[in-house]
Amino acid sequence: MRLLVVEDDALLRDSLLVGLRLSGFTPDGVATCSDASEALVHSQFDGIVLDRMLPDGSGLDWLKAQRGQGMALPVLMLTARDRVPDRVDGLDGGADDYMGKPFDLDELAARLRAMLRRGEGGRAAPEIAWNGLRLDPATMRGTIGGAAVDFSRRELAVLTALLERPGQILSKAALEERLYGWGEGVESNALEVHVHKLRAKLGAGFIETVRGMGYRLGAEE
């Protein structure tokens, strides 16, 4: 799940990026409202973690403007302004969730998973089920045919992208967008390696290659 982290404190932003990667997300970070706007133009994200007090303005005002322009991405506001009126303003201003600083990283990751589930057509269950697979994104583990399976962060990113859109073909570029943040080198055959490992764990027909187009989930049995 690709996240944009908008936080001007460089130390906190870097810590968030590291922690979120360990929790299975693919995060990128910026420090200002203007950089956040630019990032949304050039990259695809599944959600946003947004500070309220930023060097070039209010994160809440920025969010209201983005909502006014039709941006529907789920947004969790993460800020030191955590009084009840602040939380009410944030939620009424367009945030899907609101957390105060200091915060617990495990709770943040759990709130993000819940927020992103709601963005996937209202999915309520924490597990994703498809074709005999039961996947828990929180633990990066699943079961298929009664056997437990562990996934790497990038295997999980490929798998969840496909599971969110059963029947749809996802291009190599779209999947790589989910896999790698800015500045991360992408080897030419990296995606193919991850798909190969997933097939070894889940079965050769679980993911289909559509020649010249990309990948999709195999037919449901």
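Biologist: Which residues of helix α2 are buried?

Modeller: First, a caution: this is a predicted model. In helix α2 (residues 33-42), the buried residues are Cys 33, Ala 36 and Ala 39.

Biologist: What puts them on the same side of α2?

Modeller: Their arc. They cover only 115° around the axis, so they lie on the same side of α2. The general rule fits here. An α-helix has 3.6 residues a turn, so residues three or four places apart point the same way.

Biologist: What does the face turned away from that buried side carry?

Modeller: That face of α2 carries Val 41 and His 42, which are exposed. To be called exposed, a residue needs over 50% relative accessible area.

Biologist: What do the buried residues of α2 pack against?

Modeller: Their partners are β1, β2, β4 (53-54), β5 (57-58) and α3 (59-68).

Biologist: Let us turn to Val 6. Why does Val 6 count as buried?

Modeller: Compare the value with the cut-off. Buried means under 20% relative accessible area. Val 6 has 1% relative accessibility, so Val 6 counts as buried.

Biologist: Where is Val 6 found, and what does Val 6 touch?

Modeller: Val 6 is found in strand β1. Leaving out residues up to four places away in sequence, Val 6 touches Val 30, Thr 32, Ala 36, Ile 48, Val 49, Leu 50, Asp 51 and Leu 54. One of these, Ala 36, is also among the buried residues of α2.

Biologist: How many residues apart in sequence are Val 6 and Thr 32, and how far apart in space?

Modeller: They are 26 residues apart in sequence. From C-alpha to C-alpha, the distance is 6.7 Å.

Biologist: Now the sheet. In what order do the strands of the open sheet come?

Modeller: The order is β2-β1-β3-β6-β7, with 5 strands and parallel pairing.

Biologist: What makes β2 and β7 edge strands?

Modeller: Each pairs on one side only. That holds for β2 (26-30) and for β7 (97-100). On average, neighbouring strands of this sheet are turned by 20° against each other, direction ignored.

Biologist: How do you know that β1 and β3 pair?

Modeller: Count the bridges. Pairing needs at least two. Strand β1 (residues 2-6) and strand β3 (residues 47-50) have 4 bridges, in the parallel sense, so they pass. Leu 3, for example, has Gly 47 in β3 as its bridge partner.

Biologist: How many bridges does β6 have with β3, and how many with β7?

Modeller: β3 and β6 pair over 3 bridges, in the parallel sense. Leu 50 has Met 77 in β6 as its bridge partner. Between β6 and β7, which run parallel, there are 4 bridges. There, Thr 79 is partnered with Gly 100 in β7.

Biologist: What makes strand β6 mostly covered?

Modeller: Of the 5 residues in β6 (residues 75-79), 5 are buried. Val 75, Met 77 and Thr 79 lie on one side, Leu 76 and Leu 78 on the other. In a regular strand the side chains alternate between the two faces of the sheet.

Notes:
Residues numbered from 1 in each chain as written. Predicted model: local features only at pLDDT ≥ 70, side-chain atom pairs only at ≥ 80, totals over all residues. Heavy atoms only, no water. Helix = DSSP H or I, 4+ residues; strand = E, 2+ residues; numbered from the N terminus. Axes fitted to C-alpha atoms, helices over the stretch in contact; angles between N-to-C directions. Buried < 20%, exposed > 50% of the residue type's maximum accessible area, 1.4 Å probe, protein only. Contact = heavy atoms within 4.5 Å. Arc of directions from axis to C-beta.
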